[in-house]
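Me: I would like to go through this structure with you. Could we start with how far it can be trusted?
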Amino acid sequence: MDLVIKELGVSERRACRVLGQYRSTQRKVPTTPDDEAALVADIVGLVRQFGRFGYRRITKMLKTTGWTINHKRVERIWRREGLKVPSKQRKRGRLWLNDGSCIRLRPERPNHVWSYDFVADRTHDGKAYRMLCIIDEFTRECLAIKVARRLNATDVISALCDLFITRGVPAHIRSDNGPEFVALALREWIAAVGAKTAYIEPGSPWENGYVESFNGKLRDELLNGEIFYTLAEAQIVIEQWRKFYNTVRPHSSLGYRPPAPEVISWPTSSDSLPVTRLAIPPLVETRPLN
């Protein structure tokens, strides 16, 4: 601007009007907040530890560690530093049923609908192992992840039995039509304890969307970034991540609250968000994912 005024001999007012700038831009000196460097360091540190988190979830984690900040400032720093999450989007079908409707069993309260599914992976020596993931669809809490080389219907019953003792019996249990879930012994046992099975349509994994979404997060945020040399190591690290997921990790569908902080009060209406009574605990020490 000074160069234009000097070379052309015009007033500041005219130069600003021609160049499309406000005159206040020539008087207000941009300043950098004193805590900018520390904030950038914390953001970069969180991004390195949780490479699949976007700026909104990073904002929530910063707030839990004591920062008073909004997502717009974090987004500006995010873009300036060139941070990004690689986009991995796949097409998803609607929850249409065979009769053409889009209505299905939906969770209305805690312990109303649980769902479970298997996730497979391999240790460093190439040997396969399986994970049985069980979640509460309403609270989004991961109730258990059972890790073993082989899992059958008996192992499913054992995992559910432990949860029924500590958490009570849910009204419904949703799953696909895998042989472990449709086994006669499992169906009879579930019916005997007072729960009902809810099997999805064959070849329609989107009907079990809650646990499928959880499985994707488990693989994306943990399994894809870890090398497990033994089964025991996998069991310990996966259980540590499950506790982190429940108590610390912000969940976007819960207003960026974790599914199960120290104490949580669920409202009677399923349309309302949970109200946290105690502060979210500070970030626990976890192994870097990269």
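Reply: The pLDDT is the predictor's confidence in each residue, on a scale from 0 to 100. It applies here because this is a predicted model.

Me: Where in the chain is confidence lowest, and where is it highest?
Reply: Confidence is lowest in strand S7 (residues 275-276), with a mean of 41, and highest in strand S3 (residues 142-148), at 95. The mean pLDDT of the chain is 81, and 83% of its residues reach 70 or more.

Me: Which residues stay under 50?
Reply: Residues 91-103 do, and the model has 14 contacts for them beyond four places in sequence. Residues 272-290 are also below 50, with 52 contacts beyond near neighbours in sequence. Where pLDDT is low, the predicted coordinates should not be read in detail.

Me: Turning to His251: buried or exposed?
Reply: His251 counts as buried, because its relative accessibility is 7% and the cut-off for buried is under 20%. The residue lies in the loop between helix H9 (231-247) and strand S6 (264-265).

Me: What does His251 touch?
Reply: Apart from neighbours within four places in sequence, His251 is in contact with Arg57, Arg140, Tyr245, Tyr256, Arg257, Pro258 and Pro259.

Me: What follows H5?
Reply: Gly82 follows H5, and its phi is positive, near 75°.

Technical notes
Residues numbered from 1 in each chain as written. Predicted model: local features only at pLDDT ≥ 70, side-chain atom pairs only at ≥ 80, totals over all residues. Heavy atoms only, no water. Helix = DSSP H or I, 4+ residues; strand = E, 2+ residues; numbered from the N terminus. Buried < 20%, exposed > 50% of the residue type's maximum accessible area, 1.4 Å probe, protein only. Contact = heavy atoms within 4.5 Å.
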